[in-house]
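Here are my notes on the model you sent over. Have it open while you read, as I go through it point by point.

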Amino acid sequence: MLDVFIITLHQPSRLMPGVGSKLISIESMNREELVPSTKLIAIYARVSTARQEEEGTVETQLTALRDFARQRGYSIVKEYIDDGWSGDILVRPSLDQLRQDAREKTWQAVLVYDPDRLARRYSYQELVMDELREAEIEIIFVTVSAPKNSEEKILHGVRGLFAEYERAKIAERFRLGKLRKVKEGHILVSEALYGYNYIPKLDGKHGYYEINPEEARVVRLIFSWVADDGCTLRKIVRKLQGLGIKPRKSKRGVWNTSTLSTLLRHKGYIGEAHWGASYAVAPQHPIKQDAYRKVKKTSRRMRPGEEWLIIPVPAIIDKKLFERARAQLDANFALSQRNKKNEYLLAGKIGCVCGRSRSGEGVLRGKHLYYRCTDRVLSFPLSATCKERGINARIADRLVWDKIADLMGSEELLSEQISRWLGTRRAKVQSSGDDVAAAEKELAALKVQEDRYNKAYGAGLFTVEQLREYTTPLREKLTSLKNTIASAQQQENAIHVTEMPSADEIKQFSDAAQTTLHNLSFQARRAILLNTVEKIVGTAQQLQVRGYIPVKDHVEFKTSNRHGQDATRHRISV
């Protein structure tokens, strides 16, 4: 599949870092082929929480590992540290790097303080240990000896299973203990609800809520504005900003509509605080597709109301006012003009020159549609910093779609873009080839330098610590150069194996596009645009569109469930 860019007005600069290093030579040394007797190792340390980091647990582990290595004459090549990562998560940045470096054979063994630092789950421990053994890397633990035969492996597995069972047992005891405290009327919170102060446990008396007079006055004002005056959430934000009333916590010092919505629906203000209303789950459609996530369960799912545990607290408002405010909130939502769903072809792809995204807005109940910079929404109720005007959505949608359809339906334009793309790739590979030659030359020089250090150590010219000091930066540089050379070779191979479409295939594609693209529904056009356009930056005067078109054999496009469409892949044969 070939990437063809639609419009490229500004090519991002690509800087190729120079390759160079300062070499230290040893003139006088024994020229016999001597091999150092020291074992080259890596060490791995992990802590679960930031609190452990603050208490110095990482340094404690590292100190124990370094002392262990020094006593046995090991040379530490590299240290891998995962700060604040749970052992129940296998995907960790430093552990992944360790597993990758193990294939490079830059060290002979890996030293870990305890098996549970490698992973909390026994199955994860075995997976990582088997992978290291297959790479002929020895695993060494400080607290226990690594299993060397089938019998020791079985004993190690039994120990791991009992440890996992004990952790599950402790977690269940902790959950039951919290449940018992809540049923006895204890309040388990990290921070008090707005309008209250939390009085911690003292002299045998359990912690409890105490009304904060100043915040309670604000709570009554908010409920009164909604229930009696029919104010919307944004009007309440303006009122609070005008009165100089700030929330308890806010970087900008202003209230958010989401905070007010939660406040107005919380039954704690009528004396019915709750516990256990929701539970943590892994997000099904995460907004950020991060490769590494310290916490998997970042979303919340509500439990049925009958499963909530009610905790009596002092009431700030009466139940009638609370119910009237809830009814007015529901009415405001039902009558909101934003409930009208308009069609925005470029939604999620179009941005502003200030760096923020643009979102659709239907003026006069959808009579006029615009893409406006989200800076004014994110800055509310403060003044917006971006002064760019809105873009007429209907005109922008038509211009972009016509451009895509014209490009996909033009045999000449497709051929021109394919030639340009291929020329760019070849020029890039040729440029990287020069850098590879320089990198290979430096790699050979560094290997000679490393060999000299090893010979000097074997001849007794310096100690293990001095050898480690000299060779550690050399090995890091060697690994970096090898990665650079491998990456350049992969790019060169990709150019040679890329199958280019023939002239007949391009003509077939363009003919089918001419008869198909102008008669598609909004959902079909939206799906194609999501899969071909990478980014649009626009002002009221011009649009800059960047993307690619797959033109080999068929057009594949996918829809995004974040815009109300099915997320499965579809295919249109052409």
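1. A cut-off to start with: a residue is called buried when its relative accessible area is under 20%, exposed when over 50%, and partly exposed in between. Keep in mind, too, that this is a predicted model. With that cut-off, nine of the 11 residues of α16 are buried, so this helix is largely enclosed by the rest of the structure. The buried ones are Phe522, Ala524, Arg526, Ala527, Ile528, Leu529, Leu530, Asn531 and Thr532.

2. The overall numbers, for orientation. The protein has 574 residues, and 38% of them count as buried. There are 16 helices and 18 strands. If you take contacts between residues at least 6 apart in sequence, 68% of them join residues at least 24 apart.

3. Back to α16 and one of its partners. Which residues of α12 meet α16? They are Val400, Trp401 and Ile404, and on the α16 side the contact involves Arg525, Ile528, Leu529 and Thr532. Helix α12 spans residues 393–408 and α16 spans 522–532; their axes are 12 Å apart and the packing angle is about 75°. Angles of 65 to 115 degrees count as roughly perpendicular, so α12 and α16 are roughly perpendicular to each other.

4. There is another helix pair to look at, α7 (residues 213–227) with α9 (residues 257–264). Their axes cross at roughly 90° and come within 11 Å, so this pair is also described as roughly perpendicular. From α7, Ile222, Phe223 and Val226 meet Leu260, Leu263 and Leu264 of α9. By class, this contact has six nonpolar residues, with no polar and no charged ones.

5. While you're on α7, have a look at alanine 216, which sits in that helix. Is alanine 216 buried or exposed? Its relative accessible area is 1%, so alanine 216 is buried. Leaving out neighbours within four places in sequence, alanine 216 is in contact with Gly195, Ile211 and Ile316.

6. An unreviewed UniProt entry places the feature "active site" at Ser48. In the model, serine 48 is found in the loop between β1 (39–46) and α1 (50–54). Its relative accessibility is 23%, so serine 48 counts as partly exposed. Setting aside residues up to four places away in sequence, serine 48 touches Gly84, Trp85, Ser86 and Gly87.

7. Strand β1 contains alanine 45. At 1% relative accessibility, alanine 45 counts as buried. What does alanine 45 touch, not counting residues up to four places away in sequence? The list is Gln61, Leu62, Leu65, Tyr80, Ile81 and Asp82. Leucine 95 is 50 residues from alanine 45 along the chain, and their C-alpha atoms are separated by 9.3 Å.

8. Helix α8 (residues 233–243) has Leu233, Ile236, Val237 and Leu240 as its buried residues. They cover an arc of only 105° around the axis, which puts them on the same side of α8. Just after this helix comes glycine 244, with a positive phi of about 75°.

9. Lysine 105 has a phi of about 60° although it is not a glycine; its place is the loop between α3 (93–104) and β3 (109–112). With a relative accessible area of 47%, lysine 105 is partly exposed. Glutamate 136 likewise takes a positive phi of about 60°, in the loop between α5 (122–134) and β4 (138–141). At 66% relative accessible area, glutamate 136 is exposed.

10. Last one: threonine 472, in helix α14 (residues 464–497). Its relative accessibility is 17%, so threonine 472 counts as buried. Apart from residues up to four places away in sequence, threonine 472 touches Ile76 and Val77.

Key. Residues numbered from 1 in each chain as written. Predicted model: local features only at pLDDT ≥ 70, side-chain atom pairs only at ≥ 80, totals over all residues. Heavy atoms only, no water. Axes fitted to C-alpha atoms, helices over the stretch in contact; angles between N-to-C directions. Helix = DSSP H or I, 4+ residues; strand = E, 2+ residues; numbered from the N terminus. Parallel < 35°, antiparallel > 145°, perpendicular 65-115°, else oblique. Contact = heavy atoms within 4.5 Å. Buried < 20%, exposed > 50% of the residue type's maximum accessible area, 1.4 Å probe, protein only. UniProt positions renumbered as here; feature names shortened; annotations may be inferred. Arc of directions from axis to C-beta. Nonpolar A, V, L, I, M, F, W, Y, C, P; charged D, E, K, R; others polar.
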